2 protein chains.
Amino acid sequence: MLIDLVAFDADDTLWHNESLYTNGRQRFRALMQVHGFETPPEELLDEIEIQNIPYYGYGVNGFVFSLIETAIRVTDGTIPSGALLDLVQLSKDMLSAEVQLFDGVQETVARLSSQYPLMLITKGDLRHQQSKLQRSGLEEYFRFIEIVSSKDAGTYARILEDAGVSAERFVMIGNSLRSDILPVLELGGWAVHIPDPLTWSHEIVGLPDPAPERFFETAHITDLPSLLERLG
Amino acid sequence: MLIDLVAFDADDTLWHNESLYTNGRQRFRALMQVHGFETPPEELLDEIEIQNIPYYGYGVNGFVFSLIETAIRVTDGTIPSGALLDLVQLSKDMLSAEVQLFDGVQETVARLSSQYPLMLITKGDLRHQQSKLQRSGLEEYFRFIEIVSSKDAGTYARILEDAGVSAERFVMIGNSLRSDILPVLELGGWAVHIPDPLTWSHEIVGLPDPAPERFFETAHITDLPSLLERLG
């Protein structure tokens, strides 16, 4: 078999994640309206969120701190502070929200786990990612779990070295070209892109044209078993 | 040599951490006073912080969300929201604060790194812990880094298994009896307690009496080289 290790991204690859943030922004807009304020432009929200990444990284905490900051700034501090308690509650609701798997994930991951060692490689808040994995019902299928603060070629190289697997025998599966696909192709590994319609604008990058070798794309995670067999 | 792996806790063992939170609470009290509100009792702050741990875990984000929640609650939502922007700024200041090593840490860690493989085992926010380690100037001395969401016997057992080290050839050094010392003694490992005067009340637990075997205590990290030599 050509493949020694099969790795999955988690957020927006195995389970819904971006929809939580979309819903969070809706709650934020509704809150502003209820208190008689105009909805801040999406661009301002994006801008403040991106400015805050060096402090908070990616995840619910930075998202909600950015909403609070935006609400105070665009209202010149006139939004009642009681409204901001609803945003603190939003952070708790997001952190404890039910984990909703995409269709076909459970069967596919279970089936692949009997054929390959599986690894989860996910970026974000350590505690929140562990909690989601536990609640997903998928934990038992993954032999290795890597929760990292950035997913660049250096991170993947370190993971492969620790696992004693060479890149040409490694395949990474995920929804983000920037985080899951390009760094793995750069190292000489295989990558399967499962696009997600809701991927955050900050994540969108182009793919080289023509498409690189060892790159595959599918809309359905259930295609993976036959796809990986063709590699192996 | 009896010891195959020497592990350190980070916060309040290698560098100041609790003092950041003490200063954060001082800024919070000053902020309440400036806006004409009474200082909430410390017990209420503790209570809200502990209630929020299941959501945020340990770290700056949960601490500051708890301060915001407390400020809104104790003022019945009458604190101006502009004041809360100062608390968002507090979170950024804490996350980017200079890392201040305790006296003797740099020399001691450097010296031990030439005699033993060193591991850092620290609990908390992944990104923040990595950032502090990078800024501490100590990263080069640690062969292994483990950033974990809880420090119980199961966590240490998993770490030792991954490292291929048996507990009786492992020593853990830290300021927290609950997180650094007791779980390691439970597994049959060695532990050196370096008490910190500012340890958070939530962390205080008793030590069995008489003191367990393989347990040592010292006020000075510079005592470690001779102490470890006596074990080995």
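Me: In this predicted model, over how many bridges do strand β1 and strand β4 of chain B pair?
Reply: Strand β1 of chain B covers residues 5–8, and strand β4 covers residues 170–174. They pair in the parallel sense. Two strands count as paired once DSSP finds at least two bridges between them. Here the count is 4 bridges.

Me: Which residue in β4(B) does Phe8(B) stand opposite?
Reply: Phe8(B) belongs to β1, which spans residues 5–8 of chain B. Its opposite residue sits in β4(B). That residue is Ile173(B).

Me: Which strands are the edge strands of the chain B sheet?
Reply: The sheet is open and has 6 strands, with parallel pairing. Their order is β3-β2-β1-β4-β5-β6. An edge strand here pairs on one side only. The two are β3 (144–148) and β6 (215–217) of chain B.

Me: What does the twist average from one strand to the next in the chain B sheet?
Reply: Take the strands in their sheet order, β3-β2-β1-β4-β5-β6. Step from one strand to the next, and the twist averages 20 degrees.

Me: Why is one side of β3 and of β6 in chain A left without a neighbour in the sheet?
Reply: Chain A has an open sheet of 6 strands in the order β3-β2-β1-β4-β5-β6. β3 and β6 (215–217) stand at its edges. One side of each is left without a neighbour because each has a single partner strand.

Me: What is the bridge partner of Val6(A) in β2(A)?
Reply: Strand β1 (residues 5–8) of chain A pairs with strand β2 (residues 118–123) in the parallel sense. The pairing runs over 3 bridges. In β2(A), the partner of Val6(A) is Leu118(A).

Me: At about what angle does helix α7 of chain A run to β3(A)?
Reply: Helix α7 takes in residues 153–163 of chain A. It lies across β1, β2, β3 and β4 of that chain. Its angle to β3(A) is about 155 degrees.

Me: What area is buried between chain A and chain B?
Reply: The contact takes 33 residues from chain A and 33 residues from chain B. Carbon and sulfur atoms give 62% of the buried area. That area is about 2800 Å².

Me: Which residue of chain A forms a salt bridge with Lys92(B)?
Reply: There are 2 salt bridges between chain A and chain B. In the one with Lys92(B), the closest N and O atoms are 2.9 Å apart. That falls within the 4 Å cut-off. The partner is Glu69(A).

Definitions and conventions. Residues are numbered from 1 along each chain as its sequence is written. Chains are lettered from A and ligands numbered from 1 in the order in which they are written. This is a predicted model: local features need pLDDT of at least 70, side-chain atom pairs count only at pLDDT 80 or more; totals for chains, interfaces and linings use all residues. Side-chain values use heavy atoms; hydrogens and water are left out. Axes are lines fitted to C-alpha atoms, for helices over the stretch in contact, and angles run from 0 to 180 degrees between N-to-C directions. Contact means heavy atoms within 4.5 Å. Buried area is the accessible area (1.4 Å probe) that two parts lose on being put together, summed over both. A salt bridge is a side-chain nitrogen of Lys or Arg within 4 Å of a carboxyl oxygen of Asp or Glu.
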